[in-house]
Amino acid sequence: MLTIRIEKEMIRRLGINPSIVYGELKNQLAEGVCKRGLKFNDFFPCTVDRLKEETTLSAEQQRNALKILEDKGIIEQALVGLPRVRHFKLIYTGIIAEEEI
């Protein structure tokens with residue numbers, strides 16, 4: 001289990017749950033880069049259960065947070081394979097500027 005790093009400005013602009021989800025997705029991408037050879041612009045899997053285990057956010061809280069992140073253009077989501085598994089791509093990787101949100 002890693003520490004979830006989140007930006008204060010992201011919390012102010014988007015709320016705590018989207019910030020927590022984004023921080024955890026960054027952790028999972030970093031893990032994928034190190035362990036599976038992913039590139040930083042690749043889609044990577046993250047199940048509802050794994051995100052719940054790492055963040056304690058319910059499926060509904062995750063959906064709401066992910067919708068905010070996707071609406072703001074911070075992430076992209078895709079369902080891949082059978083059974084369908086959520087995959088994410090991080091678009092935003094740095095400090096949020098006021099004009100970005």
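Colleague: Where does Pro83 lie?
Modeller: Pro83 sits in the loop between strand S2 (75-80) and strand S3 (85-90); strands are DSSP runs of E with at least two residues, helices are runs of H or I with at least four, and both are numbered from the N terminus. The peptide bond from Leu82 to Pro83 is cis, with omega near -5 degrees. This is a predicted model, where local features need pLDDT of at least 70, side-chain atom pairs count only at pLDDT 80 or more, and totals for chains, interfaces and linings use all residues. Residues are numbered from 1 along each chain as its sequence is written, and side-chain values use heavy atoms, leaving out hydrogens and water.

Colleague: Why is Thr56 called exposed?
Modeller: Its relative accessible area is 65%, and exposed means over 50% (buried is under 20%, partly exposed in between, with a 1.4 Å probe and protein chains only). Thr56 lies in the loop between helix H3 (48-55) and helix H4 (59-71), and has a positive phi of about 70 degrees although it is not a glycine. Most residues other than glycine have a negative phi.

Colleague: What angle do H2 and H4 make where they pack?
Modeller: Helix H2 (residues 16-36) and H4 pack at about 85 degrees, their axes 8 Å apart. That makes them roughly perpendicular, the word for 65 to 115 degrees (under 35 is roughly parallel, over 145 roughly antiparallel, the rest oblique). Among the residues that meet are Tyr22 and Leu25 in H2 and Leu66 and Leu69 in H4, contact being heavy atoms within 4.5 Å.

Colleague: Why is one side of S1 and of S2 left without a neighbour in the sheet?
Modeller: The open, antiparallel sheet has the order S1-S3-S2. Strand S1 (44-45) and S2 stand at the edges, so each has a single partner strand. Pairing takes at least two DSSP bridges between strands, and six join S2 to S3.

Colleague: What makes Arg12 and Glu9 a salt bridge?
Modeller: Their closest N and O atoms are 2.9 Å apart, and the rule asks for a side-chain nitrogen of Lys or Arg within 4 Å of a carboxyl oxygen of Asp or Glu. Glu9 also forms a salt bridge with Arg13, at 2.7 Å, which links Glu9, Arg12 and Arg13 in a network.

Colleague: How do you know that Glu31 and Arg50 form a salt bridge?
Modeller: The closest N and O atoms are 3.0 Å apart, so the pair meets the rule. This pair links distant parts of the chain, with Glu31 in helix H2 and Arg50 in helix H3, 19 residues apart. Glu31, at 25%, is partly exposed, and Arg50, at 29%, is partly exposed too.

Conventions. Axes fitted to C-alpha atoms, helices over the stretch in contact; angles between N-to-C directions.
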